Amino acid sequence: MGTQLFARGLGSGDCGMLWNTERAELVRSVHDAYRQAGCNLITTNTFGGTAYALALHGTGTAERMAELNRAGAQVAREVANNSAWVLGDVGPFGDFLEPLGDMEADELHSMFRAQIAALADGGVDAILIETMSDPAEMEIALSAAKEATSLPVLATYAFQKSSDGTFRTMMGITVDETVERAVAAGADIVGANCGVELSFPDYLELARQIVRSAGKTPVILQPNAGSPQIVDGETRYNATPDEMAAVVKPLLDIGVRIVGGCCGTSPTLLAAMSRKITC
Ligand SMILES: [Zn+2]
């Protein structure tokens with residue numbers, strides 16, 4: 001979603017969620033492109049949708065939290081109609097919990113709960129809590145989701161490969177711990193999205209470990225379009241459709257049940273991946 005909004009003229013540092021009301025036709029065109037690409041699940045434009053994250057965009061934005069989340073859900077719902085599922089996107093609040101930061105668990109819980117209630121109000125089919133690094137934040141978001149709705153909840157973390165070769169979140173937490181804590185907190189589906197500097201073989205190994213940790217809980221994996229390269233100050237993802245498509249069958253063979261894409265996975269790349277599943 002981020003990559004696609006930037007391609008449609010969103011400036012870096014601008015609040016993309018304002019487009020859910022002010023440029024809804026452009027957000028709709030992103031969802032349309034992914035539906036045309038064969039995606040069965042589309043993700044709302046609400047990643048930075050807590051009041052805390054919205055407040056970073058200046059005065060007045062946080063006050064519109066419920067409206068912007070509800071509008072993001074509605075525009076995706078219109079495109080999905082009844083032929084695709086809409087995932088209500090919830091990203092990290094953007095700072096650290098106490099004691100590393102200032103955010104208290106109770107306050108964060110009520111912020112997540114309010115965002116998720118607005119997404120549910122707008123008609124999403126499930127809640128996707130993604131790109132998490134801190135299992136404590138994930139637990140708070142899961143608890144808020146379970147209080148706010150009875151919808152299924154997907155819980156995914158961003159991993160990187162540490163110097164000893166293990167996969168850990170930015171907070172240094174292992175695959176086993178992140179997955180076990182998310183499942184214990186009520187996640188209906190667990191997995192990984194995004195990631196830092198992971199190769200395609202890395203994503204496959206990560207998937208293997210998540211499937212092993214998850215036990216009976218279904219697993220979702222959403223890799224980036226390769227490792228980013230910085231060109232002229234811009235972040236670019238250079239994976240080809242063939243490279244992305246080649247990941248799909250190995251992921252399914254490992255036991256992943258839902259395959260998607262994160263940063264840089266354009267509709268062209270998702271179409272190549274989608275053809276591997278439907279053909
Ligand atoms: Zn990403």
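Helices (H or I, at least four residues) and strands (E, at least two) are DSSP runs, numbered from the N terminus. The model is predicted: local features require pLDDT of at least 70, side-chain atom pairs count only at pLDDT 80 or more, and totals for chains, interfaces and linings use all residues. Residues are numbered from 1 along each chain as its sequence is written, and side-chain values use heavy atoms, with hydrogens and water left out.

View 1. Ser-133 is found in the loop that joins β3 (126-132) to α7 (135-148). Its relative accessible area is 15%, so Ser-133 is buried; buried means under 20% relative accessible area, exposed over 50% and partly exposed in between (1.4 Å probe, protein chains only). Neighbours within four places in sequence aside, Ser-133 is in contact with Tyr-157, Thr-169, Met-170, Met-171 and Ile-173, where contact means heavy atoms within 4.5 Å. Thr-156 lies 23 residues from Ser-133 in sequence, and their C-alpha atoms are 9.2 Å apart in space.

**View 2. Aromatic pairs.** The structure holds 3 aromatic pairs. Tyr-157 and Phe-159 form a tilted pair, at 6.1 Å centre to centre and with 50° between the planes. Rings of Phe, Tyr and Trp (its six-membered ring) pair if their centres lie within 6.5 Å; planes under 30 degrees apart count as stacked, over 60 as edge-to-face and the rest as tilted. Tyr-157 counts as buried because its relative accessibility is 1%, and Phe-159 counts as buried because its relative accessibility is 1%. Phe-200 and Tyr-203 also form a tilted pair, with 6.4 Å between centres and 40° between planes. Because Phe-200 and Tyr-203 are 3 residues apart in helix α9 (residues 200-214), about one helical turn separates them. Both Phe-200 and Tyr-203 are buried.

**View 3. Helix α9 and its covering elements.** Helix α9 has 15 residues and reaches 21 Å from its first C-alpha to its last, close to the 21 Å expected at 1.5 Å a residue; the expected span is 1.5 Å times one less than the number of residues. Its buried residues include Asp-202, Leu-206, Ala-207 and Ile-210. Among the elements that cover the buried residues of α9 are α8 (175-184), β7 (189-193), β8 (219-222) and α10 (241-254). Just after α9, Gly-215 takes a positive phi of about 60°.

**View 4. Nonpolar cores.** The largest nonpolar core has 70 residues, and those with the most contacts inside it are Phe-112, Ile-129 and Ile-210. The largest share of this core, 7 residues, comes from α9. A nonpolar core is a set of buried Ala, Val, Leu, Ile, Met, Phe, Trp, Tyr and Cys residues joined through side-chain atoms within 4.5 Å. Beyond its neighbours within four places in sequence, Ile-210 is in contact with residues including Phe-159, Val-175, Val-219 and Leu-221.

**View 5. The zinc site.** Cys-194 (SG), Cys-262 (SG) and Cys-263 (SG) coordinate the zinc ion at 2.2 to 2.3 Å. Donors are N, O and S atoms within 2.8 Å of the metal (3.2 Å for Na, K and Ca); water is not among the atoms, so sites may look incomplete. The donor residues are spaced C-x67-C-C in sequence. Cys-194, in the loop between β7 and α9, and Cys-262, in the loop between β11 (258-259) and α11, are 68 residues apart and link distant parts of the chain. Cys-194 counts as buried because its relative accessibility is 14%.
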